[in-house]
Structure formats: C-alpha cells, structure tokens
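Could you take me on a short tour of this model in my viewer? Please tell me what to select at each stop and what I will find there.

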Amino acid sequence: MPLSQNFINHVRIPENNDWVIFILLGCIFLYLFMMNIIERGANLKDFLLQKYFDASNNLPSWIITSCVTALTLAVLISQYIPIVPKYIADLSVLGYQLNKFGYSLVIVILFYFVKTTLGFIFYQSIGDGKKWLVFYFTSTKFYFVLSFLLIILCVTHYYFPIDRNKMFLYYLFFFSFVFIFKVFFYLFHKNNVLPEKWYYKFLYICTLQIAPLLLLWKLLFF
C-alpha cells in the first residue's frame with residue numbers, strides 16, 4: 001500500500017454571483033419606477049434633455065439615481081479592495097458582519113453623503129444657494145448615464161471570462177476619464193452649474209472633486 005497518495009479534484013465549484021443579479025435587477029426596478037411614476041412616463045431622451053424649469057420631482061429622481069450609482073459602484077469595486085479593516089470586520093449587528101461589498105457600499109455612501117453636504121454648504125456660503133438646486137438637477141443626468149455604464153461593467157466583470165487583474169488598470173483609466181469629463185461637463189454646461197467667479201470654480205474642483213476622491217481611495221485600498 002503506498003505511503004502517500006495525490007488526489008486531484010477535477011470538480012470546479014462555480015462562483016455564486018446571484019447577489020449581483022439581485023442588486024442589478026433592483027437597480028433597474030428603481031429606474032423603471034422613477035421613469036414611470038416619478039417622471040410620469042418620460043422617455044429616456046426627454047429625461048436627459050429636459051430643462052430645469054420644466055422638470056418636476058427633481059429630489060426623488062436625484063435620490064434614486066444616487067442610490068443606483070452607489071450600489072453599482074460598490075458591486076464593481078468590492079472585488080478589488082484588499083481587506084475589510086479589522087476594526088470594521090469585528091463589528092457585529094444582530095449577528096451580521098460587513099463583507100467586502102458591505103464595506104464598499106458603506107464607504108461609497110459615506111463618500112457621497114459628505115461630498116453632497118460639503119457641496120451644499122459651499123454654495124450656501126458663497127451666497128449662491130439657488131444654483132445648488134440647478135447643480136444637483138444637472139448632476140442627476142450625468143450620474144444617470146454613468147450608472148448604466150457601471151451596470152454594463154458589473155455584468156461584464158462577473159459573468160464574462162476576463163482577467164480581473166488586467167481589468168483593474170482599465171478601470172483606473174475609465175474612472176480617470178469619467179472624472180475629467182465630469183469636470184468639463186460642469187464647467188461648460190449651459191446651466192452654468194458652477195459659481196461664476198473663477199476662483200470659486202477652482203476651489204470647488206480642488207476641495208469637492210479631487211480631495212474626496214483621494215479620501216475614498218485611501219479608505220478602500222489602504
């Protein structure tokens with residue numbers, strides 16, 4: 001009888017990504033609800049091209065778009081964060097602990113909440129509070145389109161045979177392009193969403209666009 005034997009398991013255990021489908025279907029349901037109920041049956045073209053003074057229910061549309069963006073972004077980046085910090089992983093609520101997706105979602109929500117709060121304070125402090133309403137109305141259109149791109153990336157990432165290590169570099173290029181495009185989108189949009197004075201624009205881009213991204217990167221990847 002041989003002293004040792006080598007056993008090779010040829011059975012492949014497929015990765016269970018049903019949770020991704022459930023989240024993406026929930027996001028699509030939210031958008032269907034928004035377009036049919038909140039936006040009163042508006043089609044995609046009308047929604048994207050509508051003017052601020054012709055729009056209604058801007059706040060609910062902004063909230064839903066923000067929720068979908070946060071969910072899809074957390075789904076995508078959760079596979080790349082190295083670990084959940086120990087002081088977070090050790091927390092338990094009703095017997096549940098945060099996994100990588102839960103941690104990513106909490107950080108992304110916190111990121112957008114702080115960023116939105118600081119943006120509101122910024123517009124109020126410079127005496128341009130009315131422009132804040134136009135700003136978040138305009139940003140809703142941008143993030144609506146971005147969220148669909150994130151949905152496509154999530155499907156590709158989890159359900160197609162790709163090299164995830166190589167894709168991380170492409171994701172960095174993609175989000176860098178999105179960030180640069182967003183800055184120019186805000187700068188040259190016909191709604192004039194940024195403050196009129198150039199130094200306020202510079203202050204907004206540096207403190208409320210670049211700095212929060214650096215903080216988000218540190219919380220997720222360090």
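Start by selecting helix H5, residues 100–125: with nine residues, H5 gives the most to the lining of the second largest pocket. Keep in mind that this is a predicted model.

Now show the rest of that lining. H3, H6 and H8 join H5 here, each supplying at least two residues. The space inside comes to about 490 Å³. To find the middle of this pocket, select Trp62, Ser66, Tyr112, Phe113 and Thr116, which are the closest to its centre among the 26 residues that line it. Colour the lining by residue type and you get 17 nonpolar, eight polar and one charged.

Next, stay with helix H3, residues 58–77, and click on Thr69. Is Thr69 buried or exposed? Thr69 counts as buried because its relative accessibility is 2%, and the cut-off for buried is under 20%. Leaving aside neighbours within four places in sequence, its contacts are Tyr112, Tyr143, Ser147 and Leu150.

Last stop: the largest pocket, with about 680 Å³ of space. Select helix H7, residues 164–188, which brings the largest share of this lining, eight residues. H3, H5, H6 and H8 each supply at least two residues as well. Then pick out Phe175, Ser176, Leu213, Leu216 and Trp217, which lie nearest the centre among the 26 lining residues. By type, the lining divides into 22 nonpolar, two polar and two charged residues.

Methods
Residues numbered from 1 in each chain as written. Predicted model: local features only at pLDDT ≥ 70, side-chain atom pairs only at ≥ 80, totals over all residues. Heavy atoms only, no water. Helix = DSSP H or I, 4+ residues; strand = E, 2+ residues; numbered from the N terminus. Buried < 20%, exposed > 50% of the residue type's maximum accessible area, 1.4 Å probe, protein only. Contact = heavy atoms within 4.5 Å. 1 Å grid on protein atoms, 1.4 Å probe; cavity = no way out; pocket = protein on both sides within 12 Å on 5 of 7 lines; lining within 4 Å. Points joined across faces, edges and corners; volume = space filled by probe spheres on them. Nonpolar A, V, L, I, M, F, W, Y, C, P; charged D, E, K, R; others polar.
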